[in-house]
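Let's take a walk through a protein model together. Have the sequence and the 3D view ready, and follow along as we go.

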Amino acid sequence: MRVSQTLFATVKETPADAEIVSHRLMLRAGLIRPLAAGLYTWLPLGMRVLRKVENIVREEMDAAGALEVFMPAIQPAELWRESGRWEKYGPELLRIRDRHERDFCFGPTHEEVITDLARREIRSYKQLPVNLYQIQTKFRDEVRPRFGVMRSREFIMKDAYSFDLSHEAHKSSYRRMHDAYCRIFERSGLDYRVVAADSGAIGGSRSHEFHVLADSGEDAIAFSSGSSFAANVELVPCPEPGETREPASREVEMVETPGVRSVDDLSTRLRIPVRRCLKTLLLEGRNGTPVAVCLRGDHDLNLVKAASLPDVAVPVAMASAEQVESAIACPPGSIGPVDLPLPVHADHAALGMSDFVCGANREGYHLHGVNWGRDLPEPESADLRNATQGDPSPDGSGPLSIARGIEVGHIFQLGEEYSRSMGSVVLDEQGRAVHLFMGCYGIGVTRVVAAAIEQNHDQRGIIWPAAIAPYHVALLPMNMHKSQRLREAVETVYRELCDAGIEVLLDDRRVRPGVMFADAELTGIPYRLVMSDRGLDAGGAEFRHRRDEESVEVGLEQIASTLRGRIAAESAAARPGGSA
């Protein structure tokens, strides 16, 4: 492709509203353009990357035995009411009405539609197992779309759905999809982890997320370097402290702490470690009375774990200012468990503290030297916190590391959840009607593109993994319009590369060399081939990988073979592997 024949839309300025690297670079490199909040037009360069990701997904899904279908994006409300999700899904579901006042939604996912298809078309065990997938536009009405295509309202997803006769067959389909996903992300050249996850609004008994490791990731994941263990931090069990709690060594003292509103403020004011402070949070209770949970100052409350407390309302939410005022007449910054007229639960680590500092339930005051059992009753103990760096791995394989991850895929064991609510049954070998076991498997195709950039960039621009780069090589002729000899040589090399199956972007613009170089680095094309009259005199061209700092000379006759070899080698090497 010649630059003069495509919509090559790079810009120098960094967009003011772009918050993360991928958003900035996708706009600057001319991959996307915004239309409205959370809505983007994909330009030709971006479409080439998007289609390459789709092709990898499609090839691996086909190889795993899945069959491609295409379902409507607009879905009738009746199906969602059958499954019980019309109200449960919440405001992210874009509800619309047609001219006949019938309710529809713009599908955020397709469990209802595929289950309806299955109950109509799959009648016998002889038709099983079957796995149907599509690559389709989805819409989720995010309250605050941000980060470009990373959290947009409209996006492209690959969603697949397996149907099996038994739980064992269902687990086998799930494993096949797990392995297919690993191959997809390995082929895409991404460093990723597979983590145990919460099933959320989709439902089901078991699920795993696939995370691309990147500092900008919204999710914190915990993994062990000594084993394959990995999970979202909210699902990592934290052990009870093994050592005996230290005995009390000081008396309780009331200290004045004006203006202190957090454990960090308290730590600074009293010149003690944050881990010596106890923080007390008030959650909404099931009976309307707030429930107190206590954590060590350096730990964070895990909402998933807190939901298991019998007296805490679900979904878990902080008690309102009015509820707090009504219960104890004290602002949140000074709340503590001593003489607190509310149910109290303590995290295991908090229960192991002694001589700690906590709120005095009096604005502007804290208690120093508090001890469980002496100054207040021993509370109910539970695992209530997020795992932290250095915590022991639950499988005993060593300490945990915490990293940020971008979720690019999620697989679910749904079991009979949708087949029961929507009446999807088949006849088994004995002629009995049984409900289908169902799995659901999603990949955010547009998100994969952004995640690849978050993981592969420098200060000059994108560095695409070879398998999903828009082109293999940028051919940059220096002042070609001034030299007939150079123009002819460039055209010859361009044809040879194209005939060899190498994807070339020929920059035939009348621009300064610096502009060409800057755009080639910004757009992240893996290889750069610079041709000039000086190079022709020496019988070659300057060749450089996007990650290299120095160019090498390559003879004109060796250009095609050199590129073929390098592209093949990089594609083979770009398989970091995921941990199950």
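How many bridges join strand β20 to β23? There are 6 of them, and β20 (residues 400-415) and β23 run antiparallel. Before going on, a word on what you're looking at: this is a predicted model, where local features need pLDDT of at least 70, side-chain atom pairs count only at pLDDT 80 or more, and totals for chains, interfaces and linings use all residues. Residues are numbered from 1 along each chain as its sequence is written, and side-chain values use heavy atoms, with hydrogens and water left out.

Strands here are DSSP runs of E with at least two residues, helices are runs of H or I with at least four residues, and both are numbered from the N terminus. Two strands pair if DSSP finds at least two bridges between them. Strands of a sheet pair through backbone hydrogen bonds, either parallel or antiparallel.

Back to β23. Strand β8 (residues 154-164) also pairs with β23, in the antiparallel sense over 8 bridges.

Now look at how hidden β23 is. Buried means under 20% relative accessible area, exposed means over 50%, and partly exposed lies in between (1.4 Å probe, protein chains only). In β23 (residues 437-444), 8 of the 8 residues are buried, so the strand is largely enclosed by the rest of the structure. In a regular strand the side chains alternate between the two faces of the sheet. You can follow this along β23: F437, G439, Y441 and I443 point one way, and M438, C440, G442 and G444 point the other way.

Next, find helix α2 (residues 44-63) and helix α12 (residues 445-455). They pack at an angle of about 115°, with their axes 9 Å apart (axes are lines fitted to C-alpha atoms, for helices over the stretch in contact, and angles run from 0 to 180 degrees between N-to-C directions). The two helices are therefore roughly perpendicular to each other, a label for angles of 65 to 115 degrees; under 35 is roughly parallel, over 145 roughly antiparallel and the rest oblique. On the α2 side, V49, L50, V53 and E54 make the contact, and on the α12 side V445, T446, V448 and V449 do, where contact means heavy atoms within 4.5 Å.

Last stop: N232, found in strand β12 (residues 230-232). N232 is buried, with a relative accessible area of 2%.
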